[in-house]
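Dear colleague,

Please find below the structure that I am handing over to you. My notes on it follow directly after.

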Amino acid sequence: MLAIIGGSGLTQLANLRITHRQVIRTPYGEPSGSVTFGKIRDRDVAFLARHGYGHTIPPHLVNYRANIWALHNQKVKRVVSVAAVGGIRSDLAPGTIAFPEQVIDYTYGRKHTFFDTTDRSVTHVDFTHPYTEKLRQKCLQAAKLAGEHFVAGGVYAASQGPRLETAAEINRMERDGAHMVGMTGMPEAALVREIGLEYATIAVVANFAAGRGTSVKAVSLEQAHGVLEQAMGRVRNILEHLVEIDGD
Ligand code: HPA
């Protein structure tokens with residue numbers, strides 16, 4: 001089964017015909033909320049709102065381990081995350097949808113691994129390619145079928161938040177090779193890899209990153225909310241095509 005983790009602007013899926021909700025207990029504490037199960041175009045889909053259904057959990061307090069463990073526990077095999085980002089590269093203007101292929105992690109102090117006990121042999125998962133290429137390609141195909149304009153790659157910088165970045169931090173991220181910046185891509189991607197599921201991200205550019213484009217003086221979150229609201233309709237369109245080509 002495919003699971004969708006909704007980020008800012010996507011706390012529910014209007015096109016999901018809900019069958020039931022399940023509260024899942026995990027060894028890592030409480031997930032962000034119950035997992036919603038239902039059908040999109042007659043395919044089974046699970047949905048979880050990353051920041052909670054009331055959008056109250058900030059990025060650094062999301063219990064990423066509980067979220068991923070809960071989905072794994074419910075027989076989910078593939079996870080597509082939807083994530084709002086700031087655009088660093090000039091072509092990643094507000095409203096752009098992108099499917100990143102790489103990650104740079106600037107987060108700290110988050111519970112970032114399932115392998116943090118001393119009672120089993122040390123495990124290092126391969127993370128050369130943080131997104132599952134097969135699933136990423138399905139997302140690209142879905143976006144094409146949906147007729148939506150998109151950017152096919154990009155490097156996602158995961159920042160700690162909840163504050164936005166300084167202009168100098170964005171310059172540094174760009175020098176590092178990042179094209180977009182968000183606050184939730186890590187440790188989510190790494191945990192999904194550790195637990196053995198497929199993962200891809202649909203990044204939605206909500207605003208120009210600090211110091212860029214229309215954010216030279218400041219980042220307007222009001223504008224960003226409007227952009228996200230508009231873009232999520234397009235994301236839902238892509239997801240509908242994705243579940244159809246995904247099969248099971
Ligand atoms: N920075 C970090 N995370 C974000 C941004 C940003 O500019 N926009 C949306 N999520």
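A polar side-chain atom of N207 lies 2.7 Å from a nitrogen atom of the ligand, where a polar contact is a pair of N or O atoms within 3.5 Å. Of the accessible area of 260 Å² that the ligand has on its own, the protein covers 90% (Shrake-Rupley method with a 1.4 Å probe). Polar backbone atoms also take part: one of A84 is 3.4 Å from a nitrogen atom of the ligand, and one of V181 is 3.5 Å from a nitrogen atom of the ligand.

This is a predicted model, in which local features need pLDDT of at least 70 and side-chain atom pairs count only at pLDDT 80 or more, while totals for chains, interfaces and linings use all residues. Residues are numbered from 1 along each chain as its sequence is written, and side-chain values use heavy atoms, without hydrogens and water.

**The shell around the ligand**

The residues around the ligand are A84, V85, G86, L164, E165, V181, G182, M183 and N207 (a residue is near a molecule if one of its heavy atoms lies within 4 Å of it). Five of the shell residues are nonpolar, three are polar and one is charged, with Gly counted as polar. Strand β5 (78-87) and strand β9 (180-182) each supply at least two residues of this shell (strands are DSSP runs of E, at least two residues). β5 gives the most, with three residues.

Yours sincerely

Technical notes
Polar contact = N/O pair within 3.5 Å; in protein donor to acceptor, adjacent residues only side chain to side chain. Helix = DSSP H or I, 4+ residues; strand = E, 2+ residues; numbered from the N terminus.
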